[in-house]
Amino acid sequence: MTTTQALLDSLLAHKASINLATTEQKNQALSAMADQLVAQTQEILAGNAIDMENAQGKISQVMQDRLLLTAERIEAMADGIRALIGLPDPVGLVLEESTRVDGLQIRKKSIPFGLVGMIYESRPNVTSDAAALAIKSGNAVILRGGKEAFHSAQAIVTALKAGLEEAGLSQKVIELVQDTSRASATELMTAKGKIDLLVPRGGAGLIQAVVENATVPVIETGTGICHVYIDKDADLDKALQIAVNAKVNRPSACNSAEVLLVHEAIASQFLSRLEEALAGQVELRADSQAQAILNQATPAGDQDFDTEFLDYILAVKVVSNVEEAISHIAQHSTGHSEAIVTENSRTAELFTLHVDSAAVYVNASTRFTDGGEFGLGCELGISTQKMHARGPMGLREMTTYKYIITGDGHIR
């Protein structure tokens with residue numbers, strides 16, 4: 001038996017302890033977990049320092065920023081956990097109920113999945129977010145992070161386990177896989193009968209590998225080829241602010257803009273202002289119409305409108321109308337987040353009706369697609385599929401349901 005299989009068996013043996021915990025017990029555990037994260041800041045930073053040193057020369061500066069932890073970021077992780085305390089317990093809710101004419105009562109009630117698995121890459125905060133969501137929703141969780149963030153994740157899990165112990169709950173409902181090879185990922189993907197739900201979070205390669213190879217249920221969290229469309233009826237000051245924020249606020253995030261679409265009627269005026277605002281900061285890769293307007297842009301290649309750059313790169317295209325923008329998004333989007341900037345309510349309605357993504361914005365940056373920003377506390381990921389969960393996955397998305405039928409000697 002491998003160490004990963006041993007962890008799975010241990011989690012299965014102890015998952016009932018968190019399933020049976022009361023809302024008060026779970027909230028006390030979350031509070032203690034958050035406090036322990038802050039109390040063990042130096043230990044977590046020491047682990048992160050090892051990961052950062054190992055990352056030098058191996059991953060980009062933008063991805064290093066995604067890996068980096070600071071005292072402020074650890075405090076933010078703790079605040080994300082504390083935010084869950086004030087949210088309703090998602091377990092035990094009666095979602096629907098009815099009574100048949102013969103008196104048979106049927107209730108649809110929310111329940112935990114049981115054992116949730118996470119396979120993710122270099123973002124240390126995913127470790128605490130996933131664990132906290134699991135605890136509040138009554139699930140056990142097995143975490144398999146990437147080798148780039150292993151020492152950070154190890155220190156975070158140590159702190160979270162200390163919080164569970166302090167609150168009187170079993171430490172064995174949160175486990176971190178020690179093996180970061182492909183073998184351990186494969187073990188989780190094929191742990192049928194043990195893992196009730198598997199969530200991959202990371203780059204396109206990781207997500208595709210899990211979706212194609214898993215024999216356990218998977219929620220596909222998507223890559224973010226996110227679009228911002230600047231309409232002919234846009235307020236250009238507002239549009240400039242939104243476009244810049246969507247690209248540069250944190251380009252390594254999946255909700256950052258990768259493609260800018262601009263209506264031809266305002267393209268010359270707007271793109272000149274955009275280029276000035278982004279000068280020296282963002283590389284613009286433009287189609288022929290946009291390139292004729294821009295001074296420093298490079299020609300867009302065949303794959304530039306189908307790439308999640310996660311970097312200071314933006315693909316730019318001029319379109320003739322909102323219908324062309326919608327058509328382009330339908331062809332190239334990953335179904336994550338798209339935005340329109342317009343003062344025309346009918347155009348906005350057309351865009352929101354026909355753009356089929358998890359989050360569609362009107363006059364706002366795509367950077368808001370986030371569990372915390374949506375009032376969900378921390379998040380498990382952004383689902384781009386349509387089954388069970390879509391968009392930011394919070395507490396409710398960590399539960400499934402069952403039917404409870406009550407009779408009085410009823411037979412069929």
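What share of the contacts in the chain with a separation of 6 or more comes from residues 24 or more positions apart? Such residues account for 73% of these contacts, where contact means heavy atoms within 4.5 Å. The structure is a predicted model, in which local features need pLDDT of at least 70 and side-chain atom pairs count only at pLDDT 80 or more, while totals for chains, interfaces and linings use all residues. Residues are numbered from 1 along each chain as its sequence is written, and side-chain values use heavy atoms, with hydrogens and water left out.

**Overall form**

The chain has 14 helices and 16 strands; helices (H or I, at least four residues) and strands (E, at least two) are DSSP runs numbered from the N terminus. The radius of gyration is 23 Å, close to the 22 Å that the globule rule gives for 412 residues, so the chain is as compact as a globular protein of that length. That radius is taken over C-alpha atoms, and the rule is 2.2 Å times the number of residues to the power 0.38. Along its principal axes the C-alpha trace spans about 70 × 65 × 35 Å. Of the 412 residues, 53% are buried, a term for under 20% relative accessible area, against over 50% for exposed and partly exposed in between (1.4 Å probe, protein chains only). The chain exposes about 17900 Å², of which carbon and sulfur atoms supply 49%; accessible areas come from the Shrake-Rupley method with a 1.4 Å probe.

**Two open sheets**

Two strands pair if DSSP finds at least two bridges between them. Angles run from 0 to 180 degrees between N-to-C directions, and axes are lines fitted to C-alpha atoms, for helices over the stretch in contact.

E6 and E3 (residues 115–120) are joined in the parallel sense over five bridges, and Gly 117 has Leu 198 of E6 as its bridge partner.

E1 pairs with E2 (residues 105–112) in the antiparallel sense over five bridges; Val 94 stands opposite Lys 109 in E2.

**Helix packing and burial**

Two packed helices are described by the angle between their axes and the distance between the axes. For H2 (residues 23–39) and H3 (residues 41–55), the axes come within 5 Å and cross at roughly 65°. Leu 37, Val 38 and Ala 39 of H2 make this contact with Thr 41, Glu 43 and Ile 44 of H3. By class, four of these residues are nonpolar, one is polar and one is charged.

In H8 (residues 182–189), the residues Ser 184, Ala 185, Glu 187, Leu 188 and Met 189 are buried. Their cover includes H1, E3, E4, E6 and helix H9 (204–213).

Helix H6 (residues 125–136) contains Asn 125, which is buried with a relative accessible area of 19%. Asn 125 and Ala 78 are 47 residues apart in sequence and 9.6 Å apart in space, C-alpha to C-alpha.

Technical notes:
Ala, Val, Leu, Ile, Met, Phe, Trp, Tyr, Cys and Pro count as nonpolar, Asp, Glu, Lys and Arg as charged, and the others, Gly among them, as polar.
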